[in-house]
Amino acid sequence: MLRRAMQSGNKGNMSYRHMVGQKLWTFGDLKALMAKASPERSGDGLAGIAAANGEERAVARLCLADVPLRQFLSETFIPYETDEVTRLILDSHDARAFAPVAHLTVGGFRDWLLSEAATPLALGRLAAGLTPEMVAATSKIMRNQDLILTARKVEVVTRFRNTIGLRGTMAARLQPNHPTDDARGIAASIIDGLAYGSGDAVIGVNPASDNVAVLGDLCRLLDEVIHRLGIPTQACILTHVTTATQLIERGVPVDLVFQSIAGTEAANMSFGVSLSILREGFEAARSLKRGTLGDNVMYFETGQGSALSADAHGGVDQQTCEARAYAVARAFEPLLVNTVVGFIGPEYLYDGKQIIRAGLEDHFCGKLLGLPLGCDICHTNHAEADQDDMDTLLTLLGAAGVSFIMGIPGSDDVMLNYQSTSFHDALYVREVLGLKRAPEFEAWLRDAGLTDADGRLVSQADSTKLLGALPPAFAA
Amino acid sequence: MNDDTPPVPRIDPWTMLRELTPARVALGRTGASLPTHEILRFGHAHSLARDAVHATLDVQALRRDLAVLDCDLTEVRSAAEGRTAYLRRPDLGRRLSDESRISLDAKRASGSDLVIVVADGLSATAVHANAAALLDLLVPAIRRKGWSLGPIVVATQARVALGDEVGAALDARMVLVLIGERPGLSSPDSLGAYLTFGPKPGRRDNERNCVSNIRGGGLVPPRAARAILWLIEEAFRRGETGVALKDESVDIAIEGASPHLPSLP
């Protein structure tokens, strides 16, 4: 028989107790309970906050399931007074949106999410009433299939020059990185990606340089490609938000403004950003009015472990920190939010199992919070993972309705030195699950003669005609 | 695919793109998938990188390779016992084992301008492939400059920051850590060189300078040695390493460097 009792402590802080048979378990506070309820991952072990063993983890989940969702509105993990992310979460909480589930516990909320009552419409309306901590807690007591089934119900649609996130579609970021930002090298990967039908999410370059002149040239290159070929997509140079703002001030064509973000004020500070700095970049990008279908102008990247690696996690488990980053993203109506799930290394996510689990959690949490969540399904060579694990996560996320994935020539990013998904991987998951591209991009490929009516690559397509429309930098 | 075409992988019409980038472009396809050869070629590259991560540094072989330099050579281990602990707990890889700390304290002597640490990091393969060639150039040049050189410290299960404790224990003004970098798919043997002025535990990564991607197909040892010597000289002149030095060394370091490692080995 299982019983639980909560004991009041000082000022909103409680210890959490749970009886299993004759044994009483005590968890210091909700933050500690969350950490101990988390599925095993190396980062929480590194932080010294993980459950000591399987039994403690299982009991923590039993205890967490009985916590009312309302409790997350009064018991903060990182103090309101010292953390602007906590303030953002609580100040922007929409009590009316929350009302339909306000009476539920974490466990009851899981049951509700999986029930027929949680329709796509209901979930869409609920998003503003949920906090990152609520969805993170719920994910911790869910199996992988629960994370997939629930996320799949949510439809998050965003627009710039095309439409991302429609049901039955999945977009891909064309990631044409080059170790020294060589224009022709980047162009080569762009042509390759387009010929393989990739690039509807964004054509996005991680530059090696942070020199404003170099970055300006890259922006103009991508802009020229998109406009000469009339591609219904958007460009992004993944440089710091303040650099993008400088580029905009200099009159450089910038479609999307990028930034890596995290779930605590201190971790964001380690990235050199704050909510007000993000706001400046957001407003600068919006002022250009370059989107033809919509004005979602931000591209954010996140990843479990970033707060811990900056020593800025405040004792909060890495998955909850990650979900808090989505609250930051949500404030800026992004076109794309990308969890770069296996990039950070084995000290945070040790192996394929942990990476797969984290990818599904992040996607679930982001979608429930109303974000266009994509995933860089990836690993480094020092993680216990390989492309088979990536295939598994890709297939699962495809089933879960992931908004977008990465497209990298042959999976091998020669600038950042890690392995992600390839142009071919996107073709695979489209084939297996019948997923289409963003409709405007799909139509462009068809009109260009690269794909057939079903969106499959045409065998004898004369893709070389792409060349004639390309700017001089592309001439081999 | 047309019914009359045989089921062979379609050759990519863009093979000329391969000359423009080291990226894996123009791979061709069979249906939606990679041709057999490309799948297997990728698997081979991944195996080399994985093996490099798990390779053990052969200290005896390294001793033989470095004998010609006529340096005092000493061994230390980090607090990470075994590769699994090393990969899971970077904090342990940044600290000396108790044994090694005691043995280094005994060697403290009168200090030196520079201590060189040769560390396995994430690729012992990189150390075996490049450390001796680099040190053959560096050590004589350092002596010509008149800087006093402490022992060469060979460190296993080591992260970059282990050099801070080693440098402090040996009372060095500066420490140079040569360490196997996180292997890339096309570069399992890449060595990194990290220079830290005033080494002591707690130094931050922005207080170091790095010359990266030192290997045959990247920044070759003669060019790497030049870049490192320039940094050493500037660091002694200014009395610091770190961000300030980085800006001006960019032209030297950029040649073949891979500047955006997400985290240090």
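Guide: Quick one to start: helices are DSSP runs of H or I with at least four residues, strands are runs of E with at least two, and both are numbered from the N terminus. This is a predicted model, in which local features need pLDDT of at least 70 and side-chain atom pairs count only at pLDDT 80 or more, while totals for chains, interfaces and linings use all residues. Residues are numbered from 1 along each chain as its sequence is written, chains are lettered from A and ligands numbered from 1 in the order written, and side-chain values use heavy atoms, leaving out hydrogens and water.

Visitor: Which element gives the most to the lining of the second largest cavity?
Guide: That cavity holds about 100 Å³, and its lining (residues with an atom within 4 Å of a point) has 13 residues, with A:C219, A:I237, A:P253, A:V254 and A:D255 nearest the centre. Two or more residues each come from α12 (212–229), β8 (235–237) and α13 (241–249) of chain A. With 3 residues, the top contributor is β8(A).

Visitor: How many residues of the contact of α11(A) with α12(A) are nonpolar?
Guide: Helix α11 (residues 183–195) of chain A packs on α12(A) at about 35°, with the axes 11 Å apart. A:A183, A:I186, A:I190 and A:L194 of α11(A) meet A:L218, A:L221, A:L222, A:V225 and A:L229 of α12(A) (contact means heavy atoms within 4.5 Å). None of these residues is polar or charged, and the nonpolar ones (Ala, Val, Leu, Ile, Met, Phe, Trp, Tyr, Cys and Pro) number 9.

Visitor: Are α18(A) and α19(A) roughly parallel or roughly antiparallel to each other?
Guide: The axes of α18(A), residues 352–368, and α19(A) come within 10 Å and cross at roughly 20°. Among the residues in contact are A:I355, A:L360 and A:H363 of α18(A) and A:M390, A:L393 and A:L397 of α19(A). Angles under 35 degrees count as roughly parallel and over 145 as roughly antiparallel. The two helices are therefore roughly parallel.

Visitor: Where does the largest share of the lining of the second largest pocket come from?
Guide: A pocket is an open set of points with protein on both sides within 12 Å along at least five of seven lines, and this one has about 430 Å³ of space. Its 17 lining residues include A:Q387, A:D391, A:D425, B:L34 and B:I39, which lie nearest the centre. At least two residues each come from α19 (387–400) and α20 (423–433) of chain A and from α1 (36–54) of chain B. The largest share, 4 residues, comes from α1(B).

Visitor: Is the crossing of α2(B) and α6(B) left-handed or right-handed?
Guide: Helix α2 (residues 59–66) and helix α6 (residues 124–145) of chain B have axes that come within 10 Å and cross at roughly 25°, and they are therefore roughly parallel. In a right-handed crossing the near helix is turned clockwise from the far one by less than a right angle. The crossing of α2(B) and α6(B) is right-handed.

Conventions:
Axes fitted to C-alpha atoms, helices over the stretch in contact; angles between N-to-C directions. Parallel < 35°, antiparallel > 145°, perpendicular 65-115°, else oblique. 1 Å grid on protein atoms, 1.4 Å probe; cavity = no way out; pocket = protein on both sides within 12 Å on 5 of 7 lines; lining within 4 Å. Points joined across faces, edges and corners; volume = space filled by probe spheres on them.
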